[in-house]
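Here are my notes on this one, for you to read with the model open.

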Amino acid sequence: MTGSGANADVVVVGLGAMGALSAWRLAARGATVIGFERFRPGHDRGSSHGDTRIFRTAYFESPEYVPLLHRAKRLWQQLENESGAELLTLTGGLAIGRPEGQLVTGVLASARQDNLPHRLLGAAEMDRLYPQHRLDAGEIAVWEEEAGFLRPERSIEAAAARAEDLGARLMTETEVTAVKASGDGVVIETSRGSYRAERALVTAGAWTSKLLPDLRLPLSVERQVAAWIAAEDPTAFAPDRFPVFIRELAHGGFRYGFPTTDGRSIKVGVHHEGSEADPDSIDRKVGEEDLKPLREFAEQYLRGVTTNVVDASVCMYTNTPDERFLATSPRDLPGVTVLSACSGHGFKFASVLGELVTELMLDGRALPGIIRTA
Ligand SMILES: Cc1cc2nc3c(=O)[nH]c(=O)nc-3n(C[C@H](O)[C@H](O)[C@H](O)COP(=O)(O)OP(=O)(O)OC[C@H]3O[C@@H](n4cnc5c(N)ncnc54)[C@H](O)[C@@H]3O)c2cc1C
């Protein structure tokens with residue numbers, strides 16, 4: 001399939017969530033693939049570390065994501081089967097907030113439109129079923145069945161390993177310094193020399209705009225902090241008793257959390273509300289100011305957790321203005337496709353986006369309308 005003079009059909013730049021999953025799908029289709037990663041798959045410097053990522057299906061952002069989520073789930077399970085690694089744990093999910101809030105109305109609209117298994121839970125039922133959550137007067141919850149959590153580092157390692165099994169050549173600790181159109185293909189300049197390919201897929205996460213500044217992509221990078229807070233009785237927060245959750249606060253902000261995966265603490269995070277960041281100079285130290293909203297949230301809304309933060313980590317959101325994902329093949333850079341599944345909700349889609357971008361690049365198949373193409 002690879003044309004004369006080219007090292008590969010497709011070069012993948014950046015082997016985080018989007019790159020590793022795309023490399024797996026491209027290699028599964030028989031494309032010859034070379035992937036470059038400046039660190040190592042599963043590292044903690046980008047947007048895909050921190051042990052867990054929420055998977056959910058009743059999608060408050062838009063019901064248009066639901067068909068993609070059904071396919072994403074099947075592909076995650078396929079990757080589990082092929083790799084033998086446990087990647088997706090279904091716990092159910094809770095969306096908590098005021099009935100008229102964006103979260104609850106959006107989850108309900110999506111669940112009803114797509115007939116997704118769900119239940120409305122009032123304060124009394126929440127107290128009985130999920131006493132770990134403290135509801136304010138007037139708040140309710142929507143429980144949905146098709147939700148849980150993915151293991152990001154493990155998923156990326158599994159996808160990268162499967163891509164290699166299928167013939168992809170993945171070069172780690174190799175930085176791509178330039179991606180250029182050239183005649184009938186692309187040239188990729190790296191810290192280990194130049195490569196030619198028919199096409200390039202740029203999945204460089206928070207570094208995308210730095211690598212391709214001339215494209216002026218609508219991406220901005222935001223610093224995010226998550227913390228692991230010790231539980232008084234960790235068994236009350238086990239995955240079979242404590243579903244993943246998102247909560248919309250009275251001021252409209254979002255908090256989210258997971259059951260325990262280490263048997264002692266639960267991870268909680270703030271969605272957005274972070275400062276703008278440069279991926280090369282971001283402050284990776286977590287300070288008291290970072291932890292304050294998380295401690296306050298846990299103290300006010302969770303029962304059975306302590307104030308003891310046992311771990312914390314800094315991560316990056318790469319945002320588009322409307323929080324839709326970006327997959328674009330810019331006219332100014334022929335042969336190059338950029339994929340950024342971003343805005344803090346992209347991990348769960350990495351499997352299906354890898355497949356969709358493969359079909360775009362190999363078959364010219366159009367992307368679903370919910371994905372931004374510019
Ligand atoms: C704190 C936090 C919580 C989140 N929670 C959720 C959630 O619950 N559910 C959900 O679905 N999503 C969630 N997300 C979003 C999701 O994790 C991201 O959208 C997704 O991981 C982004 O993947 P990516 O491949 O674009 O970026 P990354 O995984 O960061 O991959 C980019 C890769 O490119 C490499 N790279 C960059 N430049 C170069 C170069 N020049 N040469 C070689 N390699 C390069 C980087 O080293 C990196 O490995 C969350 C994100 C954060 C930060």
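1. Ground rules. This is a predicted model, so to speak of a local feature pLDDT has to be at least 70, side-chain atom pairs count only at pLDDT 80 or more, and totals for chains, interfaces and linings use all residues. Residues are numbered from 1 along each chain as its sequence is written, and side-chain values use heavy atoms, with hydrogens and water left out.

2. Helix α1 against helix α5. Have a look at α1 (residues 17-28) and α5 (residues 152-165): their axes are 8 Å apart and the packing angle is about 30°. Helices here are DSSP runs of H or I with at least four residues, strands are E runs of at least two, and both are numbered from the N terminus. Axes are lines fitted to C-alpha atoms, for helices over the stretch in contact, and angles run from 0 to 180 degrees between N-to-C directions.

3. Contact means heavy atoms within 4.5 Å. Sorted by class, the α1 contact with α5 has 10 nonpolar, 1 polar and 1 charged residues (Ala, Val, Leu, Ile, Met, Phe, Trp, Tyr, Cys and Pro are nonpolar, Asp, Glu, Lys and Arg charged, and the others, Gly among them, polar).

4. The eight-stranded sheet. An open sheet of 8 strands runs in the order β6-β7-β5-β14-β15-β16-β13-β17, with mixed pairing. At the edges are β6 (118-121) and β17 (305-319), each pairing on one side only. The twist from one strand to the next averages 20°. Two strands pair if DSSP finds at least two bridges between them; β14 (residues 244-248) and β15 (residues 254-257) are antiparallel over 4 bridges, with I246 opposite Y256.

5. Helices on that sheet. Helix α3 (residues 102-113) touches β5, β6, β7, β14 and β15, and its direction makes about 135° with that of β5. Helix α7 (residues 288-301) lies across β13, β14, β15, β16 and β17, at about 45° to β13.

6. Strand β19. V338 stands opposite V202 and opposite T328.

7. Is L150 buried or exposed? L150 is buried, at a relative accessible area of 0%. L150 belongs to β8 (residues 148-150), part of an open antiparallel sheet of 3 strands ordered β3-β8-β4. β4 and β8 share 3 bridges, and L88 has L150 as its bridge partner. L87 is 63 residues away along the chain, yet its C-alpha atom is 5.4 Å from that of L150. Beyond four places in sequence, the contacts of L150 include W76, F347 and K348.

Conventions:
Buried < 20%, exposed > 50% of the residue type's maximum accessible area, 1.4 Å probe, protein only.
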